[in-house]
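Subject: Structure handover

Hello,

Please find the structure below, followed by notes on what was found in it.

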Amino acid sequence: MTQSNTPQADIPLSDADRLLEAAIAAADAAGCVIRPFFRSRLAVDDKSDQSPVTVADRTAERTIRATLAERLPDHAVLGEEFGLERAGSRWCWVIDPIDGTRAFVTGRPTFGTLIALLDDGVPVLGIIDQPITGERWIGVRGRPTRYESRLPGAIGTRRCTDLKVAELSCTSPEMIEGAPTPHWDALRRAARRVTWGGDCYAYGLLALGQVDVIAECTMKVWDWAALVPIIEGAGGRVTDWHGRPLRAEGDGTVLAVGDQAILADAVSLLNTGLPAH
């Protein structure tokens, strides 16, 4: 799945509404599957990469696939648990039924269901759904991001023109052990402070202006595809650690900033250990 170098147009209004309706239906269905398993002491298996997986992950992905297939039978679907179906379509749904399974199996409501739509490899629609807290972020290319929740919060990244006042987030220190450059610590030292944990939930917080920068690696396309339209529709930016658009065949690094003014310094610190200026 190769991302085009040509910028994609916004989805036509009639198509966007139809596609979004399918994505929301899939998120609703997944939530119905996941909630009964939360804090139920279910069995946890380890995959070949030692990451955990549960019956909740597998059942939720099957449910999302069935919902999308019923509404959009010609679209491809790529999921973390069951791979690619109907390859060759211009449109490809990318799903992670439970992003943050470690959080899920330890009873922390900081995981989320990720549903994305790629148009020739470019993310054009994304949903982060937190089925326990009832929070949902919806991003569609060319539209402002929406946040649906009974909890406080409003969409919009916050102004942060200097990393020395930035809130940095990363899911786990172990993730950084696989970093392709040795300079993540330079970014940590430049930021005001770092908070660990969060998985996709941290990116939702960035879209709400609670976090300023996230730098992670070892990410697969199903980990980041839904995040791009959400963060960019909230005023932020998502790239790899070199400042390039994310692509499925990339190096697995993800850098998200709420204020684009700190992007150049973050990229430079991650690659050279020195700020851009």
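Helix α9 is followed by Gly 273, whose phi is positive, near 80°. Helices (H or I, at least four residues) and strands (E, at least two) are DSSP runs, numbered from the N terminus.

This is a predicted model, in which local features need pLDDT of at least 70 and side-chain atom pairs count only at pLDDT 80 or more, while totals for chains, interfaces and linings use all residues. Residues are numbered from 1 along each chain as its sequence is written, and side-chain values use heavy atoms, with hydrogens and water left out.

Helix α9 and the sheet

Helix α9 covers residues 263–272 and lies across β12, β13 and β14. It runs at about 150° to β14; axes are lines fitted to C-alpha atoms, for helices over the stretch in contact, and angles run from 0 to 180 degrees between N-to-C directions. Of the 10 residues of α9, 7 are buried, so the helix is mostly covered (buried means under 20% relative accessible area, exposed over 50%, partly exposed in between, with a 1.4 Å probe and protein chains only). The buried residues are Leu 263, Asp 265, Ala 266, Val 267, Ser 268, Leu 269 and Leu 270. They pack against α5 (184–190), β12, β13 and β14, where contact means heavy atoms within 4.5 Å.

The sheet in question is open and has 5 strands in the order β11-β10-β12-β14-β13, with mixed pairing. Two strands pair if DSSP finds at least two bridges between them. At the edges stand β11 (193–196) and β13 (237–239); each has a single partner strand, so one side of each is left without a neighbour in the sheet. From one strand to the next, the twist averages 20°.

As background, strands of a sheet pair through backbone hydrogen bonds, either parallel or antiparallel. Here β13 and β14 (residues 254–257) pair in the antiparallel sense over 3 bridges. Thr 239 has Leu 255 in β14 as its bridge partner. Helix α6 (residues 200–207) also packs on the sheet, touching β10 (167–170), β12 (213–216) and β14. The direction of α6 makes about 155° with that of β12.

Two threonines

Thr 171 lies in the loop between β10 and α4 (173–176). With 17% relative accessibility, Thr 171 counts as buried. Its side chain reaches the backbone nitrogen of Asp 199 at 3.3 Å. This is a polar contact: a pair of N or O atoms within 3.5 Å, where within protein one must be able to donate a hydrogen and the other to accept it, and residues adjacent in sequence count only if both atoms are side-chain atoms. Leaving aside neighbours within four places in sequence, Thr 171 is in contact with Trp 196, Gly 197, Asp 199 and Glu 216.

Thr 113 is in strand β6 (residues 112–119) and is buried, at 1% relative accessibility. The side chain of Thr 113 reaches the backbone oxygen of Pro 97 at 2.8 Å. Not counting residues up to four places away in sequence, Thr 113 touches several others, among them Ala 30, Ile 64, Asp 96 and Ile 128.

Salt bridges

A salt bridge is a side-chain nitrogen of Lys or Arg within 4 Å of a carboxyl oxygen of Asp or Glu. By this rule the count comes to 15.

One of them joins the side chains of Glu 61 and Arg 65, at 3.0 Å from N to O. The two residues are 4 apart in helix α2 (residues 55–71), so about one helical turn separates them. Glu 61 is buried at 0% relative accessibility, and Arg 65 is buried at 8%.

Another joins Asp 119 and Arg 90, at 2.7 Å from N to O. Asp 119 lies in β6 and Arg 90 in the loop between β4 (83–85) and β5 (91–99), so the pair ties together parts that are 29 residues apart in sequence. Asp 119 is buried at 3%, whereas Arg 90 is partly exposed at 45%.

Arg 158 forms a salt bridge with Asp 212, the closest N and O atoms being 2.8 Å apart. Arg 158 sits in the loop between β9 (146–148) and β10, and Asp 212 in the loop between α6 and β12, 54 residues apart. Arg 158 is partly exposed at 32%, and Asp 212 is buried at 3%.

Finally, salt bridges that share partners join Asp 28, Asp 129 and Arg 136 into one network.

Regards
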